[in-house]
Amino acid sequence: MHVVVPVAVLENESVSMGLVNLLSTADVTVLGYHVLPEQTPPDQARAQYEDRANAALDDVMAEFEAAGGDAYHRLVFTHDRRQTIDRVADDAKADAYAIAGTTAGVERLLVPLTGDVDVDRILAFVTELVGERDIAVTLFGIAGEAKADAARRGLDAAATTLADAGIDVAMRFSKTDDPLDALTDARKVDLLADAATDHDAIVMGERAPSLQSFLFGDESRRLAAESVAPVLVVRREPEPDLEPVDTEPADADRSDDAGGSGDAEPSDGATESGDADESR
Amino acid sequence: MYPDVESGNVTDQPPPGDGPPVADAAVPDGTNVEGDAPDVEPTVETPEADITQESELERTIGLTGGLAIGIGTMIGAGIFVFPGIAAGEAGPAAAASFGIGAIIALLVALPASELATAMPKSGGGYYFISRALGTLPGVVVGLSLWFGLVFATAFYLVGFGFYAVDTLAQLGVAVGESLVVPLALLFGASVTVLNVTGTENAAKLQNGIVALLLSILVAFLTFGGLDALGVIGGATAPEQFAPFGTMPIFTTAALVFTSYLGFAQIATVAGEMKDPGRNLPLAMVGSVVIVGILYVATVFVATSALGSVALGEAGETAMVDVGRDLLGAPGALAIVLGGLLATMSSANASVLSTSRAIYAVSKDALLPARASRINLRWGTPHVALGLAGGPILVLVATGQVQVLAEVASFLHLVQYGLICVSLVVLRRRDPDWYDPSFKVPGYPALPVVGAVASFALVAFMQPLSLLVGTALMIATVGWWAYYARDVELKGAL
């Protein structure tokens, strides 16, 4: 499992110890980046800031290595942050990328399963990320009246999958008064940010670019800004012609792990523990 | 992660702190008078990023962005400033002058494309020439590119001044031509300051402006073309094609060549283009073909609509009169707005190119290193932008449209000629690192004709322009002798 952690290294951004420890089960590529305005060729910034940036990156690397995982680092000067993260994540065959936020230690993850996301990939990632550690997971669903039952069944199935892997799962479900199934992203981000207050980090699925994300920015970035917590964004299935190889073995590994650690506590309270309807 | 040079493949484990191996390029040699050596960083180019020893440089400009730079730089001059002046000098044959310019531009754009795909680095023509022909031609071209862009920008700004005055006139505020230069100065200063302090992404705006301009022009040309061919509107008296003989066709071609300077500016961002092997040739050749067709068609429509005498009398903003003649007041308004946007976009794009041109020579120790400093506050190259903006304002103050345009063309044409020469030299010498993914058709005839045509066009300029241009080039040789005589750049990739 591989996670890219982008750090705006020349803007004094750092990675919180909580996130470093959370990612100790993953291989990490620390992506130091610096976004330049179009007036400035990236090469010009390299000449001036490369040494400073690499020194700062070495410090971040040392933290990850101390926490246990394998860590690499790369430094990129770019005009386009999004494009750089995508390219580096593709290169590294990363399963997820992080949006740094503050947290001390991670005891409870919020995992929203709303909208058009790849639930299987998210669950596989969460299972491997949690590993044998004592980190609880709250699955979170939002749906309107019409689709509430279907969404709830999906959430139940997901909870069972995680519980079978030995993870302490809770569920939360927001049924909205809004008759429209398709909530606006802004509303969704509000609901999720509220739910995030009693969680330490968020794992969510990457969504296909849409008009809303074009106009207002990524849902995940906005959620990170609203909730202040670190967000791990599980990337979508790579294009078939790009990386046909890597995903299958990763899945196989995961189910082995789950078999090893999952028997211990098939937490029977999983589906009831946090089933709070928050109708709004 | 870090590409392996031999196979072009990406290997899985990045060697920490250990850079990629680099092909057989020569190591730059020697230092300038301050003791600085060229900063030549071994680089592995992939379609998406350049990878150096310690960092990566993302390539973010796509084909659309490249075309927008080229067309955005060119279109302001060729369509909105020159038609009146050109028609006054060459009559309806001004269309032929623009055609000659387009052919020469194309003859240079093809060799420049080949070189750019072999050396997709920022600096454009300067970079190719310094690596192929050595330091002295490099200094002359590099500094001439700076000055040439400064002259071109000043010319675009004066054009903007004329359109600003005309816009005010359309709004009922008649201020007269005495305000042309003050308005141009004001706008020139704003462009410079905004480029230093602005971190908003103006590239999307530029793309939008170019798209808007192209739509205005296509609508205008469709209507005007129907009118000119007598399908609609009143008949216009046929005019003699070349009332002043053939000589003015060539002198006018030399004058209006400034309308084609933008294509090589695409090469100044070559280091930031995605998939440069494909996008650079397409953007350079494509932008020349697109604007060449638009120019010839526009001048044809303009001379058919108004007649070349009336056009010549209307001067820099003659196109507004053409718009009024064809479509009444809305037509005039559309052209005035188009002219404002086009000259603004030309000026802005070429200030940015100037800053990149200065960076390219400063990086090679041909100018003091502080010329390319950038600030962390805005992340912008404030020194280089100042070195562009300051001289531009001085030149704008002269208000000399034709001389500014011709000196700009002169300095660029020398560069263009040497680009063609560089291509021939590199093909003959064939160093191992020279591996272009786009190859010029019709070698060696095409680059040879391109070089001869570029140099020949210079001969048709007015004496004052020749004098100023030559003096500037001699000054650059002096700078080389004083500052950078010991720097060796040939083959230093």
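**Salt bridges, interface and strands**

A: Arg46(A) is buried, and Asp43(A) is buried as well, where buried means under 20% relative accessible area, exposed means over 50%, and partly exposed lies in between (1.4 Å probe, protein chains only). This is a predicted model, in which local features need a pLDDT of at least 70 and side-chain atom pairs count only at pLDDT 80 or more, while totals for chains, interfaces and linings use all residues. Residues are numbered from 1 along each chain as its sequence is written, chains are lettered from A and ligands numbered from 1 in the order in which they are written, and side-chain values use heavy atoms, with hydrogens and water left out.

Q: Where do Arg46(A) and Asp43(A) lie?

A: Both lie in helix α2 of chain A, three residues apart, which is about one turn of the helix; helices (H or I, at least four residues) and strands (E, at least two) are DSSP runs, numbered from the N terminus. Arg46(A) forms a salt bridge with Asp43(A), with the closest N and O atoms 2.9 Å apart, a salt bridge being a side-chain nitrogen of Lys or Arg within 4 Å of a carboxyl oxygen of Asp or Glu.

Q: And across the interface of chain B and chain A, how many salt bridges are there?

A: The rule finds five there, and one of them joins the side chains of Asp43(A) and Lys363(B) at 2.7 Å, N to O. In contact terms (heavy atoms within 4.5 Å), 41 residues of chain B meet 36 residues of chain A. The area buried between the two chains is about 3,300 Å², of which carbon and sulfur atoms give 48%; buried area here is the accessible area (1.4 Å probe) that two parts lose on being put together, summed over both.

Q: Within chain B, which residue does Glu114(B) bridge to?

A: Glu114(B) forms a salt bridge with Arg427(B), the closest N and O atoms being 2.8 Å apart. Glu114(B) lies in helix α3 of chain B and Arg427(B) in helix α14 (residues 401-429) of chain B, so the pair ties together parts that are 313 residues apart in sequence. Glu114(B) counts as buried because its relative accessibility is 0%.

Q: Switching to strands, what does β2(A) pair with?

A: Strand β2 (residues 27-35) of chain A pairs in the parallel sense with strand β1 (residues 2-8) over seven bridges, and with strand β3 (residues 71-78), also parallel, over eight bridges; two strands pair if DSSP finds at least two bridges between them. Val30(A) in β2(A) is the bridge partner of Val5(A), and in β3(A) its bridge partner is His73(A). Seven of the nine residues of β2(A) are buried.

Q: How confident is the predictor in chain A?

A: Chain A averages a pLDDT of 79, and 80% of the residues score at least 70, pLDDT being the predictor's confidence in each residue, from 0 to 100. Over residues 242-280 of chain A the pLDDT is below 50, and beyond near neighbours in sequence this stretch has 53 contacts in the model. Where pLDDT is low, the predicted coordinates should not be read in detail.
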